[in-house]
Amino acid sequence: MLPKHLLRPILFSLGCTLAFQAGAETADDTPTPEQVKAATTLQGQLPLQELRNFTEIFERIRSAYVEEIDDKTLFDYAIKGMLTSLDPHSAYLQEDAFTDLQETTSGKFGGLGIEVGMENGLIRVITPIDDTPAEKAGIRAGDFIVTLDDEPVMGLTLSEAVERMRGEPGSKISLEVRRGDENELLSFTLERAEIKVASVRTEMMSGDIGYVRITQFQEHTGAELKKALQKWTEDGKLNGLILDLRNNPGGVLDAAVDVVDAFISSGVIVYTKGRNPQSELSFDATSDTVAGDIPVVVLINGGSASASEIVAGALQDHKRAVIVGTQSFGKGSVQSVLPLTETSAVKLTTARYFTPNDRSIQAQGIVPDILVEQSEVTPYEERYYKESDLPGHLSNPTVKVKNDAAEKTSATKESASEKKDSGLLKKDFQLYEAHTLLRGVSILSPVRVNASEG
């Protein structure tokens with residue numbers, strides 16, 4: 001509910017408008033001197049003609065629309081329209097949508113596991129979340145959802161579409177999807193599930209290259225990342241780190257700041273600018289840095305948005321990481337959730353994000369340092385006739401003869417190390433390039449010591 005000091009001018013203006021309407025019905029349209037004076041006083045506060053138009057349209061809908069609609073519903077529609085017309089991210093969150101927002105931030109909710117946005121009246125998939133029904137069914141970032149259970153999404157608001165996709169675990173929903181240059185719509189039938197998003201997933205790859213996949217920025221993302229980094233540095237050397245932010249739609253701002261803080265110990269991480277002085281914030285790095293000297297490659301793509309772009313932009317500006325992949329989504333606006341009641345709130349865009357080098361992320365995104373399109377790695381064997389194949393070739397005096405047992409043991413260890421990530425690298429060319437880059441850096445760099453050794 002609006003505060004009384006804001007509500008009174010609105011009600012007074014509406015009262016004046018209704019008085020003008022009543023006068024117009026019984027006499028001519030010429031306002032009295034008192035009405036002119038009142039209009040002049042209020043003109044600096046609210047646009048009276050627009051308020052008059054609003055009340056007239058409101059009354060005509062009440063009296064002439066084909067179906068009866070109660071006043072509360074009409075006011076709800078008016079608020080929704082006012083907010084959704086501002087930009088794609090401002091919204092009126094009523095009970096279900098407000099609950100959904102809280103569940104998503106906590107990392108647990110029911111549904112399909114798709115981060116979506118509205119574009120040209122259709123639902124655009126920003127990214128499917130890892131290990132969810134949507135990701136397993138083959139829904140891709142950039143897909144447009146055309147129908148839900150054979151009902152067109154055109155005409156639905158984003159919150160209405162999301163509400164339809166949510167449901168009890170085990171229940172099914174059909175989707176028709178338009179994808180790229182495909183001539184026909186693609187049909188999917190998905191079974192809803194309880195979505196528990198694991199924020200941080202880690203794996204040690206060959207060459208002592210750490211792999212960290214952040215699927216979404218939640219409250220404890222920064223702490224989980226630092227815990228993994230500390231374990232790796234305490235257990236042995238860490239030659240490099242791949243931070244995978246592809247298809248990460250963002251999340252909690254503080255979590256993004258914590259992630260950057262794990263790699264830099266000073267300087268600005270991100271700052272915001274808005275019309276309201278309270279929306280202007282700046283976040284700086286602290287000395288709580290656990291991987292200040294580890295080479296880092298950050299993977300991004302068109303599904304990397306918001307908090308992901310903050311992390312990539314900060315590490316790029318501080319020259320702390322090499323950004324690899326494709327240009328990110330470009331969501332550089334800040335949404336503030338302003339509770340109205342216990343079950344409703346307004347999500348309002350209040351500021352823009354800026355990287356340490358004063359770059360706005362909005363509608364631009366982060367451009368990678370090394371552009372790598374996604375594809376599969378398809379190696380083929382080349383056969384050359386070498387010196388060692390020539391009859392009677394001279395031996396190499398610097399090569400020591402190894403016994404067969406030692407050679408076999410060494411080959412077995414190397415094979416086991418390479419095998420654990422070879423399948424993933426062959427399917428993911430961007431990851432393959434990042435891994436290759438860090439392997440090269442680790443060869444040229446001196447051997448790293450454990451963090452505990454100084």
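Let's start with one tryptophan. Apart from neighbours within four places in sequence, Trp-232 is in contact with Thr-202, Glu-203, Met-204, Gly-210, Tyr-211, Val-212, Leu-238 and Leu-241, where contact means heavy atoms within 4.5 Å. Trp-232 sits in helix α8. Helices here are DSSP runs of H or I with at least four residues, strands are runs of E with at least two, and both are numbered from the N terminus. At 12% relative accessibility, Trp-232 counts as buried. For the cut-offs, buried is under 20% relative accessible area, exposed is over 50%, and partly exposed is in between, with a 1.4 Å probe and protein chains only.

Before I go on, a word on what we're looking at. This is a predicted model, in which local features need pLDDT of at least 70 and side-chain atom pairs count only at pLDDT 80 or more, while totals for chains, interfaces and linings use all residues. Residues are numbered from 1 along each chain as its sequence is written, and side-chain values use heavy atoms, with hydrogens and water left out.

Okay, the overall picture. We have 12 helices and 19 strands. Of the 454 residues in the protein, 39% are buried. Looking at contacts with a separation of 6 or more, 68% are between residues 24 or more positions apart. The protein exposes about 26,300 Å², and carbon and sulfur atoms supply 53% of that; the areas come from the Shrake-Rupley method with a 1.4 Å probe, and for residues only the protein chains shown count as cover.

Now, helix pairs. Two packed helices are described by the angle between their axes and the distance between the axes. Axes are lines fitted to C-alpha atoms, for helices over the stretch in contact, and the angles run from 0 to 180 degrees between N-to-C directions.

Staying with α8, residues 221-235, its axis and that of α9 come within 7 Å and cross at roughly 20°. So α8 and α9 are roughly parallel to each other. On that scale, under 35 degrees is roughly parallel, over 145 roughly antiparallel, 65 to 115 roughly perpendicular, and the rest oblique. Who makes the contact? From α8 we have Thr-221, Gly-222, Leu-225 and Lys-226, and from α9 Ala-255, Asp-258, Val-259 and Asp-261. That contact of α8 with α9 splits into three nonpolar, two polar and three charged residues. The classes go like this: Ala, Val, Leu, Ile, Met, Phe, Trp, Tyr, Cys and Pro are nonpolar, Asp, Glu, Lys and Arg are charged, and the others, Gly among them, are polar.

Helix α9, residues 253-261, also packs with α10, residues 307-317, at an angle of about 25° and with the axes 9 Å apart. That makes α9 roughly parallel to α10. On the α9 side the contact has Leu-253, Ala-256, Val-259 and Val-260, and on the α10 side Ala-307, Ile-310, Val-311, Ala-314 and Leu-315. What classes do we get for the contact of α9 with α10? Nine nonpolar, no polar and no charged residues.

One more pair. The axes of α3 (residues 48-64) and α4 (residues 71-84) come within 11 Å and cross at roughly 135°, and α3 and α4 are therefore oblique to each other. Phe-54, Phe-58, Ile-61 and Arg-62 of α3 meet Asp-71, Leu-74, Phe-75 and Ala-78 of α4. By class, the contact of α3 with α4 has six nonpolar, no polar and two charged residues.

Last, a few single residues. Asp-150 isn't a glycine, yet it has a positive phi of about 70°. Asp-150 lies in the loop between β5 and β6 and, at 62% relative accessibility, counts as exposed. Asn-247 also has a positive phi, near 60°; this one is in the loop between β12 and α9, and Asn-247 is partly exposed at 23%.

Beyond four places in sequence, the contacts of Val-322 include Val-296, Asp-369 and Leu-437.
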